[in-house]
Amino acid sequence: MPTPTNRTPLRVARGTYSNLNGSVADIQEGEICYATDQDKLYVKEGGSLVSTQFTADVDTVYTDVVQTFTAAQRGAITTLTSGATVTPDFADSNNYTLTLDQNLTIANPTNLTAGQSSAIFLVQDATGSRTAAWGTYWDFAGGTAPTLTTTAAAVDRIDYVVRSSTSIHAVATLNYS
């Protein structure tokens with residue numbers, strides 16, 4: 001059973017959440033502590049010590065520990081709206097789909113975080129012949145942005161990894177059928 005040990009205290013109403021490192025009597029007014037040896041939460045309010053049994057949720061995901069998932073994990077595919085300029089917000093999703101209904105520019109995304117990676121599916125509309133230009137943050141393998149498949153309903157995929165706040169490494173895989 002995972003326990004919230006070795007974590008930075010989490011602020012809660014009128015106190016902090018922390019691992020109990022001394023005796024229960026050592027906690028301060030308004031502090032909430034977890035005693036790992038007893039699986040209990042303690043809070044001191046009005047000078048009185050109150051405890052409750054605590055069972056850690058084994059399904060809780062932590063962002064600061066290595067974890068093994070025993071079921072499939074999926075990222076949603078977020079639809080981008082076509083326009084003369086499309087500016088993805090990388091805080092919205094990792095995976096995107098965009099139906100090209102005109103020639104357009106895929107601008108430098110907002111909210112880039114180094115290490116984020118995934119894909120953008122580019123779909124030609126029923127007319128086809130649509131092209132895409134790319135913002136300056138997009139760095140394609142070989143130094144050249146791809147020429148998209150222009151057949152009606154064609155699907156191309158741009159895989160990307162954010163290297164820095166101004167550099168996205170990208171590779172195109174064209175003409176899925």
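Trainee: Is Thr149 buried or exposed?

Mentor: In this predicted model, the general idea is to compare relative accessibility with a cut-off: a residue under 20% is buried. Thr149 has 13% relative accessibility and therefore counts as buried.

Trainee: Where is Thr149 found, and which residues does Thr149 touch?

Mentor: Thr149 belongs to the loop between β12 and β13. Leaving aside residues up to four places away in sequence, Thr149 touches Gln124, Ala154, Asp156, Leu174 and Asn175. With Asn175 there is also a polar contact: the Thr149 side chain reaches the backbone nitrogen of that residue at 3.3 Å.

Trainee: What is the order of the strands in the open sheet?

Mentor: The six strands follow the order β6-β8-β10-β13-β14-β12, and their pairing is mixed. At the edges stand β6 and β12 (138–140), each pairing on one side only. On average, neighbouring strands are turned by 30 degrees against each other, direction ignored.

Trainee: Which strands pair in the parallel sense, and which residues are partners there?

Mentor: Strand β6 (residues 77–80) runs parallel to β8 (residues 95–100), joined by four bridges, with Thr78 opposite Tyr96. Five bridges link β8 to β10 (residues 117–124), again parallel; here Leu100 has Gln124 as its bridge partner. Gln124 is also among the residues that Thr149 touches.

Trainee: In which sense do β10 and β13 pair?

Mentor: They pair in the antiparallel sense, and seven bridges connect β10 to β13 (residues 155–164). One of the partner pairs is Ala119 with Asp159 in β13.

Technical notes: Residues are numbered from 1 along each chain as its sequence is written. This is a predicted model: local features need pLDDT of at least 70, side-chain atom pairs count only at pLDDT 80 or more; totals for chains, interfaces and linings use all residues. Side-chain values use heavy atoms; hydrogens and water are left out. Two strands pair if DSSP finds at least two bridges between them. Helices (H or I, at least four residues) and strands (E, at least two) are DSSP runs, numbered from the N terminus. Axes are lines fitted to C-alpha atoms, for helices over the stretch in contact, and angles run from 0 to 180 degrees between N-to-C directions. Buried means under 20% relative accessible area, exposed over 50%, partly exposed in between (1.4 Å probe, protein chains only). A polar contact is a pair of N or O atoms within 3.5 Å; within protein, one must be able to donate a hydrogen and the other to accept it, and residues adjacent in sequence count only if both atoms are side-chain atoms. Contact means heavy atoms within 4.5 Å.
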